[in-house]
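Subject: Structure handover

Hello,

Here is the structure I promised to pass on. Please open it first, then read my notes alongside it.

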Amino acid sequence: MKRLLIVWHSRTGAARQMAEAAARGAVAAAALLEQPDDLAVTLRRAADTGVDEVLASDGLLFCAPENLASLSGEMKEFFDRCYYGALDRIAGRPYACLVSAGSDGAGAARQVERICTGWRLRAVAPALIVNLGAQTPAQIAAPKRVAPAELARCEEAGGLLAGLLLTAG
Ligand SMILES: Cc1cc2nc3c(=O)[nH]c(=O)nc-3n(C[C@H](O)[C@H](O)[C@H](O)COP(=O)(O)O)c2cc1C
C-alpha cells in the first residue's frame with residue numbers, strides 16, 4: 001500500500017478545490033493502473049497535519065495560497081512545525097506543489113521548493129500556480145471558483161504522483 005498525503009490550506013476555497021482535484025486525479029490514476037486498492041490518498045488541512053503523517057507518507061502534495069508574496073501563514077506553520085521532525089527521514093520521496101494566487105504565486109512556490117529541497121524531496125513537476133485574478137479587496141475576500149481546465153491540471157498533478165508511487169515498486 002502506497003500513501004499519498006495531500007496537505008492543504010485555503011481561505012476562500014481555491015486551494016481546497018485544487019487539493020480535492022489532485023486527490024481525485026490520484027484515485028483515478030490508481031484505477032487506471034488497475035491498482036485501486038494499492039493507494040491510500042489522505043487529504044488533510046495543514047493545521048490538522050502532524051509530522052507522524054508526513055513520516056508515514058510515501059509521497060506528498062502541498063497546496064496553499066500565496067499571501068503577501070509568500071506561503072499562507074497556516075501552511076507555513078505546518079512546515080515550521082514539521083520541518084525538523086522530518087529532516088533526514090523523508091529524503092527521496094516524490095512531491096508536488098500547487099499554489100492558488102491572485103496574480104502571482106511565484107513567491108509561495110519558491111518557498112515550498114526551498115523547504116522541499118531542505119527535506120531532499122524529489123519534485124515530480126514544476127510547481128503549478130493557478131491565478132484567480134483577484135486583486136481588489138472585494139475580489140480577494142470573495143469565495144473562489146477554480147475553472148475546470150485548471151482543476152484538470154491539478155488532477156494531472158495528483159495522477160502523476162500516484163502513477164509514480166504505484167510504479168516505483
Ligand atoms: C492577505 C492576502 C495576501 C495576498 N497576497 C497575494 C500575493 O502576494 N500574491 C498573489 O498572487 N495573491 C495574493 N493574494 C490572493 C490570494 O492568493 C488568492 O485570492 C487565492 O485565490 C486565495 O486562495 P484560497 O481561495 O485558496 O484562499 C492574497 C490574499 C490575501 C488574503
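First, a caution. This is a predicted model.

**The β1 strand and its partners**

Start with strand β1, residues 2–8. It pairs with strand β2, residues 39–45, in the parallel sense. There are 7 bridges between β1 and β2. R3 has A40 in β2 as its bridge partner. W8 has R45 in β2 as its bridge partner.

Helix α1 covers residues 14–32. Together, β1, α1 and β2 make a β-α-β unit, and that unit is right-handed.

β1 also pairs with β3, again in the parallel sense, over 5 bridges. L5 stands opposite L60 in β3. V7 has F62 in β3 as its bridge partner. β1 is mostly covered, with 5 of its 7 residues buried.

**The β3 strand**

Strand β3 spans residues 59–67. It is mostly covered: 8 of its 9 residues are buried.

With strand β4, residues 70–71, β3 pairs in the antiparallel sense over 2 bridges. There, E66 stands opposite L71 in β4.

β3 and β4 form a hairpin with 2 residues between them. L68 in the turn has a positive phi of about 50°. A69 sits in the loop between β3 and β4. Its phi is positive too, about 70°, although A69 is not a glycine. Why point this out? Most residues other than glycine have a negative phi. A69 is exposed, with a relative accessible area of 55%.

**G59: buried or exposed?**

G59 lies in β3. Its relative accessibility is 0%, so G59 counts as buried; the cut-off is under 20%. What does G59 touch, leaving aside its neighbours within four places in sequence? The contacts are R3, L4, L5, P94 and L165. Take L5 from that list. G59 and L5 are 54 residues apart in sequence. Their C-alpha atoms are 6.4 Å apart in space.

**S100 in β5**

Strand β5 runs over residues 94–101, and S100 is in it. S100 has a relative accessible area of 4%, so this residue is buried. Which residues does S100 touch, not counting those up to four places away in sequence? A14, A15 and M18 are among them.

**Two helices side by side**

Now look at helix α3, residues 73–86, and helix α4, residues 106–118. Their axes come within 12 Å and cross at roughly 10°. Angles under 35 degrees count as roughly parallel. α3 and α4 are therefore roughly parallel to each other.

Which residues meet where α3 and α4 are in contact? From α3 come K76, F79 and Y83. From α4 come Q111, V112, I115 and G118. By class, this contact has 4 nonpolar, 2 polar and 1 charged residues.

R120 lies in the loop between α4 and β6. It has a positive phi of about 60°, although it is not a glycine. With a relative accessible area of 53%, R120 is exposed.

A149 lies in helix α6, residues 148–167. At 54% relative accessibility, A149 counts as exposed, because the cut-off for that class is over 50%.

**Where to look first**

Then turn to the α3 and α4 contact.

Best wishes

Note on methods. Residues are numbered from 1 along each chain as its sequence is written. This is a predicted model: local features need pLDDT of at least 70, side-chain atom pairs count only at pLDDT 80 or more; totals for chains, interfaces and linings use all residues. Side-chain values use heavy atoms; hydrogens and water are left out. Two strands pair if DSSP finds at least two bridges between them. Helices (H or I, at least four residues) and strands (E, at least two) are DSSP runs, numbered from the N terminus. A crossover is right-handed if, with the strands pointing away from the viewer, the path from the first strand over the helix to the second runs clockwise. Axes are lines fitted to C-alpha atoms, for helices over the stretch in contact, and angles run from 0 to 180 degrees between N-to-C directions. Angles under 35 degrees count as roughly parallel, over 145 as roughly antiparallel, 65 to 115 as roughly perpendicular and the rest as oblique. Contact means heavy atoms within 4.5 Å. Ala, Val, Leu, Ile, Met, Phe, Trp, Tyr, Cys and Pro count as nonpolar, Asp, Glu, Lys and Arg as charged, and the others, Gly among them, as polar. Buried means under 20% relative accessible area, exposed over 50%, partly exposed in between (1.4 Å probe, protein chains only).
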